Amino acid sequence: MVNQTMLDFVLMVLQLFSFLSTATSYANKIPGGLTLKMIHRDSQNSPIYQANLTDKERMENYIKMSKMRVKLLLGPQLPRNNKSLESLNRNNVIIRPTLSTQSHLYLIQVGIGTFEDESPSSRTYYLGFDTASDVTWTQCEGCGDNCFNQVDPLFPATRSSTYWQFPRSHCPESSKWKNNRCELEMRYADGAKVLAIVAKEVFTFASESGRSQGIRLIFGCGFDMQNFPEGNKPDNKISGMMGMGNGFYSFMMQTHTIFNGNFSYCIQPMFGRRRDSPMYLRFGNDVLPQQVAGMQTTPIYRYRRRLSYYLNLQGISVDGKRLNIPSNLLELKRDGSAGCVIDSGSAISTIANKAFKVLRSAVRDFIRKNNKNVREMEKPEMEYHLCFERYRDPLTLNLPKITLHFEDNADFLIDINESFYIGVTSSRKGMVCMQFLNNTSNKYGDITFLGVPQQTNKRIIYDLSNNLLHFASTDCSREN
């Protein structure tokens with residue numbers, strides 16, 4: 001296990017707090033708890049819901065989204081000449097994973113700004129929720145042809161009485177003084193680019209636990225967005241991003257003194273009626289107590305050059321039997337180029353390449369041994385890597401439980417329904433596929449992503465003050 005250097009992180013915190021005294025003037029007036037609805041992109045409550053898609057078509061979309069997300073999250077975080085982070089900041093360029101709304105599984109509805117002559121006094125927008133990005137941003141008036149298409153009017157920043165731009169002497173990290181304002185440039189691995197004014201604004205959240213709450217945040221007021229696919233969608237209602245990751249601009253970093261670095265969620269199944277049931281993102285005092293049966297704890301690791309939250313995956317079991325996977329195929333590396341990322345945007349979990357091959361072999365052997373009514377498909381459907389089709393009775397299947405073993409003996413047991421996709425082939429035969437993807441990246445093939453389906457029916461609690469992740473199996477339809 002590596003020893004993580006915290007110096008960069010501490011310096012980042014100190015710099016942020018040095019000029020956040022006015023940013024939290026609204027936040028200090030509110031309770032230390034907040035509960036927001038998490039809107040699944042494919043629920044009927046979603047602004048981008050497509051009623052005509054079948055579950056199989058949705059799953060095919062999730063697989064494509066997950067493969068693209070892995071490529072983008074593992075894209076270059078630094079220039080190719082491997083300049084240091086300090087040089088990167090002096091050049092005023094950050095390279096981040098894409099903020100494409102196509103990769104977001106969950107959305108958050110927020111109010112932005114203060115308009116005294118309007119009711120409600122803030123403008124309402126949908127933002128993508130992402131634990132692998134840090135900047136909260138929205139498109140602003142004045143971008144003209146440089147905005148991607150959105151149905152709702154662009155945010156009229158200059159008309160908001162609470163909009164405030166940084167003076168030259170206080171430009172935040174990674175921004176630079178240009179055109180008489182602090183500007184932030186973000187370039188992404190897929191070629192997308194955002195130019196934004198770095199400013200402060202009041203974000204209003206309609207908390208499920210009480211009245212609406214306003215928090216003043218540093219955010220990006222986007223004035224030039226290039227190469228975003230949303231521009232091709234006439235009905236797009238997503239205007240930007242709510243960054244929840246490990247970074248200077250992160251919502252969690254900015255609200256640390258309010259919510260003490262705590263947030264949690266409990267995800268319901270992605271298919272069936274429960275997908276339309278309310279799911280909640282809880283902060284601070286609204287995080288449910290940790291003292292529940294089976295609650296386990298493992299360390300969270302954070303890297304200055306990576307925005308994601310890392311866990312130390314130490315092993316995998318199939319049907320209760322620990323697989324023979326050398327620790328160096330799973331363990332964390334000092335630069336964050338390996339290990340396991342817990343991710344809110346990955347629709348399918350992706351396993352480190354060499355470990356995946358061991359897992360696939362063990363699952364294949366179990367299914368062959370315990371089922372006489374299925375045969376392995378030579379060409380798995382839907383871009384899965386292991387599928388079986390049913391060619392005779394009975395209808396029942398015997399499938400193994402899969403467990404991820406994390407540091408401090410924290411065993412993450414994944415429900416069978418979330419480890420396997422059960423459906424029909426294109427020829428209408430019964431089919432079962434292992435619902436994990438293989439990370440075949442040549443450069444970053446040693447990294448694993450713990451995706452949303454495998455987090456289903458788990459209460460997940462992020463304790464960022466102590467760098468701990470708590471989790472326990474539960475029925476999330478009751479938790480929410």
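The following exercises, each with a worked solution, concern a predicted model.

Residues are numbered from 1 along each chain as its sequence is written, and side-chain values use heavy atoms, with hydrogens and water left out. In this predicted model, local features need pLDDT of at least 70 and side-chain atom pairs count only at pLDDT 80 or more, whereas totals for chains, interfaces and linings use all residues.

**Exercise 1. Helix α6**

Determine what span helix α6 has and which of its residues are buried.

*Solution.* 

Step 1. Helices (H or I, at least four residues) and strands (E, at least two) are DSSP runs, numbered from the N terminus. Helix α6 covers residues 353-370, which is 18 residues.

Step 2. The expected span of a helix is 1.5 Å times one less than its number of residues. For α6 the expected value is 26 Å, and the helix reaches 26 Å from its first C-alpha to its last, close to that expectation.

Step 3. Buried means under 20% relative accessible area, exposed means over 50%, and partly exposed lies in between (1.4 Å probe, protein chains only). In α6, the buried residues are Ala355, Phe356, Leu359, Ala362, Val363, Arg364, Phe366 and Ile367.

**Exercise 2. Salt bridges**

State how many salt bridges the structure holds, and describe the pair formed by glutamate 376 and arginine 364.

*Solution.* 

Step 1. A salt bridge is a side-chain nitrogen of Lys or Arg within 4 Å of a carboxyl oxygen of Asp or Glu. The structure holds nine of them.

Step 2. Glutamate 376 and arginine 364 meet through their side chains at 3.0 Å, N to O. Because glutamate 376 lies in strand β20 (residues 374-376) and arginine 364 in helix α6, the pair ties together parts that are 12 residues apart in sequence.

Step 3. Glutamate 376 is partly exposed at 27% relative accessibility, whereas arginine 364 is buried at 19%.

Step 4. For comparison, aspartate 393 forms a salt bridge with arginine 390, with the closest N and O atoms 3.2 Å apart. Here aspartate 393 is exposed, at 61% relative accessibility, and arginine 390 is partly exposed, at 25%.

Step 5. Salt bridges that share partners join Arg364, Arg368 and Glu376 into one network.

**Exercise 3. Disulfides**

Find how many disulfides the structure has, and explain why the link of cysteine 171 and cysteine 182 is called left-handed or right-handed.

*Solution.* 

Step 1. A disulfide is a pair of cysteine sulfur atoms within 2.5 Å. A search of the whole structure finds five. With bonded cysteines counted along the chain, their pattern is 1-6, 2-3, 4-5, 7-10, 8-9.

Step 2. Cysteine 171 is joined to cysteine 182 with an S to S distance of 2.0 Å. The torsion about their S-S bond is about -95°, so this disulfide is left-handed. Cysteine 171 lies in the loop between β6 (164-165) and β7 (176-178), and cysteine 182 in strand β8 (residues 181-188), so the pair ties together parts that are 11 residues apart in sequence. Cysteine 171 is partly exposed at 21%, but cysteine 182 is buried at 1%.

Step 3. The sulfur atoms of cysteine 266 and cysteine 476 are also joined in a disulfide, 2.0 Å apart. With -80° about the S-S bond, this link is left-handed. Cysteine 266 belongs to strand β12 (residues 262-266) and cysteine 476 to helix α8 (residues 476-479); the pair links distant parts of the chain, 210 residues apart.

Step 4. Cysteine 387 and cysteine 433 form a disulfide (S to S 2.0 Å). The torsion about their S-S bond is about 110°, so the link is right-handed.
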